[in-house]
Amino acid sequence: MGHKDAGEAQPAHAARLDAASAAKIATTLQALATPSRLMILTRLREAPCTVTDLAESAGMELSAVSHQLRLLRNLGLVTGTRSCKNIVYALYDNHVAALLDQAVYHIEHLRLGIADIPADAAVAATAAG
């Protein structure tokens with residue numbers, strides 16, 4: 001699977017996945033299937049912060065947040081940078097932010113009953129009708 005530069009157009013259809021890529025994506029999506037992790041990630045979407053800030057924001061114990069951050073770091077979703085005595089956590093990159101944004105948009109569209117039909121599907125439906 002290739003990586004597109006920010007300025008390049010995205011393909012109209014998803015690339016096919018090999019088994020290893022599918023397994024890696026499934027593991028990442030499973031990590032996002034936990035509300036506490038999503039709360040941590042969405043807080044980091046706003047700005048980098050420390051474990052203490054994350055615990056306060058998410059209403060969680062420091063040890064629980066640290067455990068979740070360790071998992072998120074291992075999956076390449078967050079990074080940690082030492083700043084004096086603290087580690088400041090941030091989203092790994094803009095892809096993680098986009099993934100979160102798309103999940104929020106999808107849920108909002110479901111709530112509103114809006115469906116964004118992929119271009120290929122819309123063309124096929126028009127041709128069939």
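Predicted model: local features only at pLDDT ≥ 70, side-chain atom pairs only at ≥ 80, totals over all residues.
Me: What makes up the secondary structure of the chain?
Reply: There are 6 helices and 3 strands. Along the sequence they follow the pattern α-α-β-α-α-β-β-α-α. Of the 129 residues, 22% count as buried.

Me: Why is Leu54 called buried?
Reply: Buried means under 20% relative accessible area. Leu54 has 1%, so Leu54 is buried. Its place is in helix 3.

Me: Which residues is Leu54 in contact with, leaving aside neighbours within four places in sequence?
Reply: They are Ile40, Arg43, Leu44, Cys49, Val65, Leu69 and Tyr89. Take Ile40, 14 residues from Leu54 along the chain. The C-alpha atoms of the two are separated by 6.3 Å.

Me: How do you know that the buried residues of helix 3 are on the same side?
Reply: The buried residues are Val51, Leu54, Ala55 and Ala58. They cover an arc of only 100° around the axis, so they sit on the same side of helix 3. What covers them includes helix 2, strand 1 (49–50), helix 4 and strand 3.

Me: What follows helix 3?
Reply: Just after helix 3 comes Gly59, with a positive phi of about 70°.

Me: How do you know that the span of helix 4 is close to the expected one?
Reply: Helix 4 runs over residues 62–74 and has 13 residues. At 1.5 Å a residue, 18 Å is expected. From its first C-alpha to its last, helix 4 reaches 18 Å.

Me: Why are the buried residues of helix 4 said to line one face?
Reply: Those residues are Val65, Gln68, Leu69 and Leu72. Seen down the axis of helix 4, they fall within an arc of 105°, so they line one face. Ser63 and Asn74 are exposed on the other side.

Me: Why is helix 3 called roughly perpendicular to helix 4?
Reply: The two axes cross at roughly 110° and come within 9 Å. Angles of 65 to 115 degrees count as roughly perpendicular. The crossing falls in that range, so helix 3 is roughly perpendicular to helix 4.

Me: Which residues of helix 3 and helix 4 meet?
Reply: Helix 3 brings Val51, Thr52, Leu54 and Ala55. Helix 4 brings Leu62, Val65, Ser66 and Leu69. By class, the contact has 6 nonpolar, 2 polar and no charged residues.

Me: Why does Cys84 count as exposed?
Reply: Exposed means over 50% relative accessible area. Cys84 has 76% relative accessibility, so Cys84 counts as exposed. Cys84 lies in the loop between strand 2 and strand 3.

Me: What is phi of Cys84?
Reply: Phi of Cys84 is near 60°, a positive value in a residue other than glycine. Most residues other than glycine have a negative phi.

Me: How many of the contacts between residues at least 6 apart in sequence join residues at least 24 apart?
Reply: Among those contacts in the chain, the share is 46%.

Conventions. Residues numbered from 1 in each chain as written. Heavy atoms only, no water. Helix = DSSP H or I, 4+ residues; strand = E, 2+ residues; numbered from the N terminus. Expected span 1.5 Å × (residues − 1). Buried < 20%, exposed > 50% of the residue type's maximum accessible area, 1.4 Å probe, protein only. Arc of directions from axis to C-beta. Axes fitted to C-alpha atoms, helices over the stretch in contact; angles between N-to-C directions. Parallel < 35°, antiparallel > 145°, perpendicular 65-115°, else oblique. Contact = heavy atoms within 4.5 Å. Nonpolar A, V, L, I, M, F, W, Y, C, P; charged D, E, K, R; others polar.
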